[in-house]
Amino acid sequence: MLWFKALHLISMVTWFAGLFYLPRLFVYHAMSDDQTSIDRFKVMERKLFYGITTPGAILTLIFGIGILFSTGLSAYSGQLWLHVKFFFIFLLLIYHVYCWFLLQDFKYDRNKRSHIWYRWFNEIPVLFLVAIIILAVVRPF
């Protein structure tokens, strides 16, 4: 159980690191106008998304499910905080998938958004992180 928790937290930190950095790369990519920089950002974004962010997401989910099953699902029945946490995780997964769509736009030179839009977009995972951590630690309801 403690191994699942440790591995869940490590992979969660990895996932969020990717979700914090990828949109920041999008900011700089959207500001770029020379081909060398554009090509460099495409490589960096691809490697970050497929090599760090997505594996972090998958492992976070696997170890989180491992925690649930190792403690017994009945231990969490009726825990509203957990259902709300699952909802935020679902939204976070949608954000992750949306990042993939944005990655495709940059890959095929179809981006139509400004660097300012990406600066705001970059703040969204912070909200998810705060909500999920508070729900998991404080368990307010």
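**Salt bridges and nonpolar cores in a predicted model**

Student: Which residue does Lys42 form a salt bridge with?

Tutor: Lys42 pairs with Asp109, the closest N and O atoms being 2.9 Å apart, where a salt bridge is a side-chain nitrogen of Lys or Arg within 4 Å of a carboxyl oxygen of Asp or Glu. Lys42 lies in helix α2 and Asp109 in the loop between α3 and α4, so the pair ties together parts that are 67 residues apart in sequence; helices are DSSP runs (H or I, at least four residues), numbered from the N terminus. This is a predicted model, in which local features need pLDDT of at least 70 and side-chain atom pairs count only at pLDDT 80 or more, while totals for chains, interfaces and linings use all residues. Residues are numbered from 1 along each chain as its sequence is written, and side-chain values use heavy atoms, with hydrogens and water left out.

Student: How many salt bridges does the count come to?

Tutor: The count comes to 2 salt bridges, and Asp105 with Arg110 is one of them, at 3.4 Å from N to O.

Student: Switching topic, which element gives the most to the largest nonpolar core?

Tutor: That core has 23 residues, among them Leu19, Leu92 and Tyr118, and α1 gives the most, with 8 residues. A nonpolar core is a set of buried Ala, Val, Leu, Ile, Met, Phe, Trp, Tyr and Cys residues joined through side-chain atoms within 4.5 Å, buried meaning under 20% relative accessible area (1.4 Å probe, protein chains only).

Student: And what does Leu92 touch?

Tutor: Leu92 touches Trp15, Phe16, Leu19, Phe128 and Ile132, not counting residues up to four places away in sequence, with contact meaning heavy atoms within 4.5 Å.

Technical notes:
Buried means under 20% relative accessible area, exposed over 50%, partly exposed in between (1.4 Å probe, protein chains only). Helices (H or I, at least four residues) and strands (E, at least two) are DSSP runs, numbered from the N terminus.
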